[in-house]
Amino acid sequence: MASRSGIVFEDFFPAMVDKLGAEGFMKELCNGFQLLVDEGKGLITFESLRRNSKLLGLQDMADDELRCMLREGDLDGDGALNEMEFCTLMFRLSPGLMMDSRKWLAEAISSEM
């Protein structure tokens, strides 16, 4: 996926789940949240995302693109991302994880029947 700035994102999440397992992958997502969080607020804010964007290789993203990322994941409308919103956004942005999640759901349903 490419942004207007030409940054291309590869979806490594499915390979990470295969390597780390679901629980290990979730721990890594939580670690990612901690890298981006505004420690005073306990949330990822525009300012903390902008300040830490180099850690993700996003330093060339425009401010409006960073704000768009926040709006995309901000489920409660407070203008920032809590840990659950961040993890949900990461899943939604990964086509591979979304496809796998459907498979996991189908397997869980069939095992219940």
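This is a predicted model: local features need pLDDT of at least 70, side-chain atom pairs count only at pLDDT 80 or more; totals for chains, interfaces and linings use all residues.

Student: Where does V37 lie?

Tutor: V37 sits in the loop that runs between α1 (13-36) and α2 (46-52).

Student: And which residues does V37 touch, not counting residues up to four places away in sequence?

Tutor: With those set aside, V37 touches G42, L43, I44, S48 and N52. For S48, which is 11 residues from V37 along the chain, the C-alpha atoms of the two are separated by 6.1 Å.

Student: OK, the core now. How many residues has the largest nonpolar core?

Tutor: The largest nonpolar core has 19 residues, and those with the most contacts inside it are L29, I44, L49, L70, L81, F86 and M90. Two or more residues come from each of α1, α2, α3 (63-73) and α4 (83-92), with α1 giving the most, namely six residues.

Student: What is L70 in contact with, leaving aside neighbours within four places in sequence?

Tutor: L70 is in contact with I44, T45, F46, L49, G79 and L81. Of these, I44, L49 and L81 are also listed among the residues with the most contacts inside the core.

Student: Switching topic, what does the UniProt annotation say about residues 61-96?

Tutor: The unreviewed UniProt entry annotates residues 61-96 as "domain: EF-hand". In the model, that span is 64% helix and 0% strand, and its end C-alpha atoms lie 24 Å apart.

Methods:
Residues are numbered from 1 along each chain as its sequence is written. Side-chain values use heavy atoms; hydrogens and water are left out. Helices (H or I, at least four residues) and strands (E, at least two) are DSSP runs, numbered from the N terminus. Contact means heavy atoms within 4.5 Å. UniProt positions are given in the numbering used here, feature names are shortened, and annotations may be inferred rather than shown by experiment. A nonpolar core is a set of buried Ala, Val, Leu, Ile, Met, Phe, Trp, Tyr and Cys residues joined through side-chain atoms within 4.5 Å. Buried means under 20% relative accessible area, exposed over 50%, partly exposed in between (1.4 Å probe, protein chains only).
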